[in-house]
Amino acid sequence: MSFFDVMKLSATGLSAQRIRINVISANLANANTTRGENGEPYRRKDVIFEQVLEGEMAGGVKVQDVIEDDKPFILKFEPGHPDADEEGYVRYPNVNPVEEMVNMLEAQRSYESNLTVLNTAKQLALRALEIGRA
């Protein structure tokens, strides 16, 4: 495996984790959105990764899809809320902020690991060039 292969692998991981962090951020930002563009509460989204086994990025990872979570909405009794139904219940998004923060930390650590691998490969390449110079 060459230096460039390691850099490509790390780059695919960085790209995939960046998308995951963006999706988690959107989930957290919309944790209290009771009415979206379609009139429904925001539905939590999740990222599906796929291993790349062919082509130029062989061995990398990419985002296969961003899916919506089918968990039911959270019902809260708030009769004064403008989005309350006839019985006084408001449907809130199926986003658990604690779970999202744990996912965010995991994605952040994975991102940092890929960045460390990328920087190490870069340092190794520079050191190899210095050996040739001496």
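How many aromatic pairs does a search of the whole structure find? In this predicted model, the search finds 1 aromatic pair. The partners are phenylalanine 77 and tyrosine 89, with ring centres 5.4 Å apart. Their planes meet at 65°, and over 60 counts as edge-to-face, so the pair is edge-to-face. Phenylalanine 77 sits in strand E3 (residues 74-77) and tyrosine 89 in strand E4 (residues 89-92), so the contact ties together parts 12 residues apart in sequence. Phenylalanine 77 is exposed, at 52% relative accessible area. Tyrosine 89 is partly exposed, at 34%.

Another ring contact involves a charge. Lysine 76 lies over the face of tyrosine 92, 4.8 Å from the ring centre.

Now the salt bridges. The count comes to 9. One of them joins arginine 91 and glutamate 40, at 2.9 Å from N to O. Arginine 91 belongs to strand E4, while glutamate 40 lies in the loop between helix H1 (3-29) and strand E1 (45-51), so this bridge ties together parts 51 residues apart in sequence. Arginine 91 is partly exposed at 34%, and glutamate 40 is partly exposed at 32%.

Glutamate 99 bridges to arginine 44, with the closest N and O atoms 3.7 Å apart. Glutamate 99 is in helix H2 (residues 97-133) and arginine 44 is in the loop between H1 and E1, so the linked parts are 55 residues apart in sequence. Arginine 44 has a relative accessible area of 5%; under 20% means buried, so this residue is buried. Glutamate 99 is partly exposed, at 29%.

Glutamate 99 also meets lysine 71 in a salt bridge, at 3.9 Å. Lysine 71 sits in the loop between strand E2 (61-68) and E3, 28 residues from glutamate 99. Shared partners join Arg44, Asp69, Lys71, Glu99 and Glu100 into one network.

Methods:
Residues are numbered from 1 along each chain as its sequence is written. This is a predicted model: local features need pLDDT of at least 70, side-chain atom pairs count only at pLDDT 80 or more; totals for chains, interfaces and linings use all residues. Side-chain values use heavy atoms; hydrogens and water are left out. Rings of Phe, Tyr and Trp (its six-membered ring) pair if their centres lie within 6.5 Å; planes under 30 degrees apart count as stacked, over 60 as edge-to-face and the rest as tilted. Helices (H or I, at least four residues) and strands (E, at least two) are DSSP runs, numbered from the N terminus. Buried means under 20% relative accessible area, exposed over 50%, partly exposed in between (1.4 Å probe, protein chains only). A charge sits over a ring if NZ of Lys or CZ of Arg is within 6 Å of the ring centre and within 35 degrees of the ring normal. A salt bridge is a side-chain nitrogen of Lys or Arg within 4 Å of a carboxyl oxygen of Asp or Glu.
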